[in-house]
Amino acid sequence: MKATEPAVSVCMPVYNAARYLTECIDSILAQTFTDFELLIVDDGSTDNSRDIVRSYHDKRIRLIENRHDYIGSLNKLLDEAKGKYIARMDADDVMMPYRLAAQFGYMEKHIEVGVLGGGFQQIGQLHSKFKPLHKVSMQDMINTCCMAHPTVMIRTSVLKQYELHYEEDFKYAEDYRLWLQMMKHEIIFHNITTPVIKYRISNNQITSRHPKEQKERADIAKKDGAKWLLEKIKKVSYEEVNIPSSTNLLTVVIPFLNEKDEVGNTVRSIRNTAGNHVDIITINDHSDDNYDYQADLAKFKVTYICNSYRIGAAASKEKGTRLVRTPYFLLLDAHMRCFTLDWHNTIVEELQKNDRQILCCQAKALEKNCKNIVHERKVVTTYAAYLLFDYNYYIPDVHWIEDKKLWRLPDHKIACVLGACYAASKRYWKLLRGMEGLMHYGSEEPYISLKAWLEGGGCKMLPEVIFGHIYRETPPYRLVTAQMRYNLFVISSTLFPTSLQCWANTIAYKRNKSIYSDIQFWLSVNKENLTQLRQYYADTFHTNFEDVLKVNNAIDLKKYDMARHEKKRIPDLLEFLIESSRTSCVNLWEGCMGLLIVLCEYEEYLHSDDHTSLAGELLERITTQITPTAEFSLSFAHGLCGIGWGLIYMMRNGFADMDFSEELSVIDLKIMERDPKRITDYSFQSGIGGILCYVTNRLFLLQKNEKEFIFDTRYLDSLREAAKRALNEDTDFRTHSYALLLLKYNRDNWHVLQPKWKDVIDLPTFLPQNPKNWKNGMTGAVGYLCNLIQALQCTIE
């Protein structure tokens, strides 16, 4: 930089900004940092903006007049700037007096940073402070634009080096496109969280005047950036690494990010308990904590790999498993302690006997005190985990087993491995395709566990191999919710049957529409890869998903204790059910259909047939009333849809040998008499949701049994239109899910899981002690009995 050139070029386009221009220029000239030029390009203003600029007699101001060409004016600013740094500014904003001093100082101190933004104080129509993300990754920028354009300071040499400019094709999203293009060159972006400007919110902003065009062009830029990122992750994942040959049988793979001395402490613990009888590969996922990991690990005889770009925990684990030269490996977190001598022999021996399984070591909870000394944490010991497919949270949801009496599977089999320490053979991992498809962090254990069970192998705990896991209040890296939730959708989109996919989508959509939108974006970008994975899994895995659900059929300790305590009420509840069976009503909610199903479930739980006669009476009462001339509503709770669903429930859950084809055909014809286009009730119990539930279950039953379809094309088309309308309404999550399920009908591998009560109702979890206060039906005592039976089926007698 020449002595006569300014340190900073403040670059500001102006177009008809007379109203706020004086306030803006005054705030710039009042900066505590004075070594700057104020470069103004007038973008063909038709008001007196140029006259206002000319009224200032400050040698630091340069005015350039241009025809009306916004992108051209922005690029002229870049071309004309003489400073070492370019500070962007908008003509209707106000610069904080310390802005240039703060940003210049930061850039001088952090020479690795190419672009520096800042926080801002909103003025005008809104009044709040915006605190931006400090370190911005490509993933962050793709999720949302993390840099407020008029707050940024750019290192001029970076723009010149890579010949970067604003692009006309991305007008209204030109800044977002520029940031993404810069990130492709791995330029580092930071923000200082202090407000550096007062940012004016008005109806004259691009966001207000051209929202559609801005979104369309931003989406194109976003998708382009996302594709680049996926290719970059793939390239780094397959970087050539020289791994020494070995006669050992097991390799410990330790991926890490910003763990500092804990990596060395973990490796030391491995060497202290297994000596040199295991290989060790450490993978530094581009840590930015300035710690010298290579020097710290040099004395331990490890293979140290540093990713040239951050690819995330899942991809780093997958990279490590590809690189191992031994037949078996152990994936280990970087903050662990080994408590078992010669633990490696136990793992190897088990995998030599059966390599068609994922092994999980017993974890002991540790923590550090204020003096950084590791000690055992005062928490309940965890005995592996299971996956919860509930409809109240994202699925699958991992739950730890906190008491041995909840451990239901034989021979130390477990539904889901714990994070931090699990092992496999390289052959089996390759067959399962490991962590392929996942991004960043989260859901690795549910993914690999489900695949092992679907393949027919499974997971197993090694309780005699104990590793201590140091828990921290906060991890040394930032976790992003949308990224973690995305991995759950990789699981659902590649492994779940159609109906469970729809539940997963609905739950996510209802919980947070913004996060759901981000997830759907990434799924669309990665669609080709995920489609290939789904097809591979369909061709390779042959265990029914219903069987995998049974493996995970567990409950937490609180529900377990409740079930055991409430078990003594079963005789009274059964007596109440028998008394209720005298009703002539046959609907699902309060009539014979619901009573019949609960009675069958009770008999199955006890392995008894004491009430076969009563069950037969209830069934006969139902079937004799389902005739072409009978008058029923279509309601799910109190009409034909619920009765039809109940009959399908009986068949698919093995409670009836009959196919009920005559009764279901009557129900089908009755339903088709009502035009879905004329239904304005979008609820599940009484409206379109219940019809969608019955029809989708019925369609799958016909498909499964290769029976002729009764529903004609005209009716199904009309029902699809109703389903689309339901998705646009604020419907309950069951209606939303069944609408999605119908719209996926006729696609490849369309599958509906066996119907369960939770698909249609939230069974009661409380019942008054006094029977006089009991209500009848599935929302009362009978529903409570059903819920109790389901809980008891998960307990060990």
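Rings of Phe, Tyr and Trp (its six-membered ring) count as a pair when their centres lie within 6.5 Å; such a pair is stacked if the planes are under 30 degrees apart, edge-to-face if they are over 60 degrees apart, and tilted for the rest. By this rule, the chain holds 38 aromatic pairs. The legends below describe a predicted model, in which local features need pLDDT of at least 70 and side-chain atom pairs count only at pLDDT 80 or more, while totals for chains, interfaces and linings use all residues. Residues are numbered from 1 along each chain as its sequence is written, and side-chain values use heavy atoms, with hydrogens and water left out.

Figure 1. The secondary structure comes to 30 helices and 22 strands, taken as DSSP runs numbered from the N terminus (helices are H or I with at least four residues, strands are E with at least two). Domain 1 (8–232), domain 2 (248–481), domain 3 (555–625 + 762–796) and domain 4 (634–760) divide the chain, with bounds from an automatic or database domain assignment. The centres of domain 1 and domain 4, taken over C-alpha atoms, are 54 Å apart. Of the 797 residues, 57% count as buried; buried means under 20% relative accessible area, exposed means over 50%, and partly exposed is in between (1.4 Å probe, protein chains only). Carbon and sulfur atoms hold 48% of an accessible surface of about 35,100 Å², computed by the Shrake-Rupley method with a 1.4 Å probe; for residues, only the protein chains shown count as cover.

**Figure 2. The stacked pair of Y391 and W503.** A pair of aromatic rings is described by the distance of the centres and the angle of the planes. The ring centres of Y391 and W503 are 4.1 Å apart and their planes meet at 15°, so this pair is stacked. Because Y391 lies in the loop between β18 (385–388) and β19 (397–400) while W503 lies in helix α17 (residues 498–511), the pair ties together parts that are 112 residues apart in sequence. Y391 and W503 are both buried. They also belong to one aromatic cluster, whose members include W589, F636, W645, Y649 and W757.

**Figure 3. The stacked pair of F709 and Y745.** Here the ring centres are 6.4 Å apart and the planes are at 25°, so F709 and Y745 are stacked. F709 is in the loop between α27 (688–704) and α28 (713–728), and Y745 is in the loop between α29 (733–743) and α30 (781–792), so the pair ties together parts that are 36 residues apart in sequence.

**Figure 4. Two lysines over rings.** In this view, a charge sits over a ring if NZ of Lys or CZ of Arg is within 6 Å of the ring centre and within 35 degrees of the ring normal. The charged end of K222 lies over the ring of F521, 4.6 Å from its centre. Likewise, K451 has its charged end over the ring of Y447, 3.8 Å from the centre.

**Figure 5. The surroundings of H344.** H344 belongs to helix α13 (residues 343–353) and is buried, with a relative accessible area of 5%. Its side chain makes a polar contact of 3.3 Å with the side chain of N345. A polar contact is a pair of N or O atoms within 3.5 Å; within protein, one must be able to donate a hydrogen and the other to accept it, and residues adjacent in sequence count only if both atoms are side-chain atoms. Setting aside neighbours within four places in sequence, H344 is in contact (heavy atoms within 4.5 Å) with L250, A274, H277 and V278.

**Figure 6. S425 at a strand.** S425 is in strand β21 (residues 421–425) and is buried, with a relative accessible area of 1%. Which side chain joins that of S425 in a polar contact of 3.1 Å? The partner is D355. Not counting residues up to four places away in sequence, S425 touches P327, Y328, F329, L351 and D355.

**Figure 7. C794 after the helix.** C794 lies in the segment after α30 and counts as buried at 5% relative accessibility. The C-alpha atoms of C794 and R408 are 7.7 Å apart, although 386 residues separate them along the chain. Beyond residues up to four places away in sequence, C794 touches R408, N553, A554 and I555.
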